[in-house]
Amino acid sequence: MSRKAYAVSAEMAGRGRASLHGDTALQGDAAQHGDAGSFGQTISSSATASPNAASIGTGPRTLSGLTSSKAADAQAVETTGRTSGPVANSLPRLSKRTIFAMTFGFFGINMAFSLQSSQMGRIFQTIGADPTKLGLFFILPPLAGMVVQPLIGKYSDMTWSNRFGRRMPYLIAAAPIAALVMVLLPNAGSFGFGYASVAALAFGAVAILFMDLSSNICMQPFKMIIGDMVNEEQKDMAWSWQQSFSNLGGVLATVLPFVLTAFGVANVAAAGEVPLSVRLAFYIGAAILLLTSLYTVLSVKEYDPDHYARYHHIKPKTHDSSPSLWSLLKKAPRAFWEVSLVQLFNWFAFQYLWTYATGAIAENVWHTTDTASAGYQAAGNWYGILTCVQSLAAVIWGFLVLSKTSADKRKFWFRIGLASGALGFFGVFFIHNQFLLILPFCLIGIAYLTMQTQAFSIFTTSLDGSNEGAYMGLFNCGICLPQIIASVASFAIFPLVGKSMPHMILVAGIAMVMGIVAVSVITDNTGKEAHSTEDSGTVAALGGIDTERTANR
């Protein structure tokens with residue numbers, strides 16, 4: 001940063017304190033964060049970002065006599081290296097260590113989801129579920145997500161614990177429950193209910209319902225803290241890191257049954273019982289879920305209500321109450337509906353992958369539909385390996401490509417990701433060699449990470465911070481609802497394609513192509529720029545809030 005820019009920033013930080021905040025309560029920020037310059041940086045970092053920065057939380061005020069928007073714009077350009085425009089927040093730049101602490105916990109969360117998605121079809125067919133009725137069981141997880149996610153978002157917006165924060169209390173409560181249900185689910189056939197019995201299927205259905213409820217409660221805090229704490233400049237990196245760690249968790253989860261089998265753990269069991277290799281994979285996943293959740297709870301400290309309000313340019317008491325979910329839905333930003341339309345096709349496709357992939361691979365490669373056969377169980381293990389490949393491809397793509405993309409290219413990368421997915425689904429349908437299936441699953445991995453990273457980056461940019469959690473929960477309904485629609489539609493589509501599981505994967509590929517077309521409806525909204533200084537050294541030079549200590553215990 002130039003000497004001139006530093007001098008102006010220092011002068012604004014020094015002279016603008018009283019005129020910006022005008023009350024002694026806010027001046028206590030410096031003491032709270034253990035830094036005599038804390039209060040000055042809050043003003044300085046915000047003032048250099050936009051001509052509206054003086055209106056943090058309390059309405060427009062004069063900033064050291066700089067009432068000209070041109071003067072403020074010039075200052076913003078000199079300090080940040082870009083022109084100011086419509087802005088979402090003035091969140092400070094975070095270190096990579098902080099972003100790691102906020103995103104790594106998703107490793108354990110996705111172990112639960114990956115074991116569920118890769119093994120659920122296998123588990124239910126093993127305990128005797130009718131393949132034509134599999135869609136019924138796959139309705140339950142997204143239905144649970146649609147109910148719990150908006151509620152967790154809405155009520156966590158209004159939550160604050162001085163010890164645990166806003167989002168973390170929900171993770172603390174849900175993680176042990178999710179771990180317990182992960183232990184119970186693969187034992188649905190081990191309690192003597194009998195093969196294909198109503199009791200066994202009902203137990204499995206209830207277990208999967210509670211597993212998804214608790215896993216969704218665990219997942220929401222991780223998504224919400226990115227919107228709460230990460231500025232626009234770093235948001236693409238944060239989302240790609242989170243999804244990359246998520247996929248690393250998926251790698252471990254899906255490869256476990258195969259590895260355990262290689263070490264001599266039984267991969268077959270009596271009719272109606274889930275093999276020990278699968279059960280042990282769920283037990284290990286439950287333990288890792290608990291450990292990674294504990295790491296995040298202990299490592300991440302959320303911004304207190306006063307700092308949150310200033311950084312997001314909202315009134316400090318905004319979160320004391322919250323509008324109804326219906327009211328928020330009616331006032332949802334345009335990006336909510338546009339991205340949700342694309343997600344209708346994306347998640348429709350992936351629901352069929354999770355439901356029918358094991359059966360499709362067993363039929364195409366092992367030429368069997370007998371769920372009790374060694375061939376079918378081998379197909380189940382190979383699908384786990386392919387899901388591992390999918391996750392590894394996603395991790396590499398996330399770290400090497402998506403973490404370095406710019407905000408104005410989000411629609412482009414969205415299309416690239418969906419095109420990769422469509423080719424991958426078509427490949428699963430046409431390829432009959434187990435090793436050649438690796439390529440289409442690499443493409444599916446690229447699609448899976450890209451469609452989540454770009455969707456959340458585009459949507460969260462349109463939020464103003466006042467009802468962040470509630471909107472994130474509602475937005476996740478755009479992920480759950482397509483899965484429900486796909487499951488219900490399967491009762492009609494499955495017979496139409498001759499009850500062929502490979503053909504259901506072909507239907508999924510067609511849905512991905514429709515998603516590519518739907519990206520065109522998304523409105524470009526790249527004018528919102530990050531409200532951050534050029535680098536962490538600039539933040540320190542301005543004598544600011546120690547964001548490292550604020551974001552980490």
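## Overall architecture

The chain contains 22 helices and zero strands, where helices (H or I, at least four residues) and strands (E, at least two) are DSSP runs numbered from the N terminus. This is a predicted model in which local features need pLDDT of at least 70 and side-chain atom pairs count only at pLDDT 80 or more, while totals for chains, interfaces and linings use all residues. Residues are numbered from 1 along each chain as its sequence is written, and side-chain values use heavy atoms, with hydrogens and water left out.

Of the 553 residues, 62% count as buried, that is, under 20% relative accessible area with a 1.4 Å probe and protein chains only. Among contacts (heavy atoms within 4.5 Å) between residues at least 6 apart in sequence, 83% join residues at least 24 apart.

## Packing of H7 against H10

Helix H7 (residues 106–126) and H10 cross at roughly 155°, and their axes come within 10 Å. Axes are lines fitted to C-alpha atoms, for helices over the stretch in contact, and angles run from 0 to 180 degrees between N-to-C directions. H7 is therefore roughly antiparallel to H10, a term for angles over 145 degrees. The crossing is left-handed, meaning that the near helix is turned anticlockwise from the far one by less than a right angle.

Contributors to this contact include Phe106, Phe113, Gln116 and Phe124 of H7 and Leu201, Ile208, Asp212 and Phe222 of H10. By class, the contact of H7 with H10 has 13 nonpolar, four polar and two charged residues; Ala, Val, Leu, Ile, Met, Phe, Trp, Tyr, Cys and Pro count as nonpolar, Asp, Glu, Lys and Arg as charged, and the others, Gly among them, as polar.

## Asp212 within H10

Asp212 lies in helix H10 and is buried, with a relative accessible area of 4%. Not counting residues up to four places away in sequence, Asp212 touches Phe113, Gln116, Pro141, Pro142, Ala144 and Gly145.

The side chain of Asp212 makes a polar contact with that of Gln116 at 2.9 Å. Such a contact is a pair of N or O atoms within 3.5 Å; within protein, one must be able to donate a hydrogen and the other to accept it, and residues adjacent in sequence count only if both atoms are side-chain atoms.

## Packing of H10 against H19

Helix H10 (residues 198–229) and helix H19 (residues 468–496) pack at an angle of about 125°, with axes 10 Å apart. The crossing is right-handed. Among the residues in contact are Met219 and Lys223 of H10 and Met472 and Ile479 of H19.

Terms used: Parallel < 35°, antiparallel > 145°, perpendicular 65-115°, else oblique. Buried < 20%, exposed > 50% of the residue type's maximum accessible area, 1.4 Å probe, protein only.
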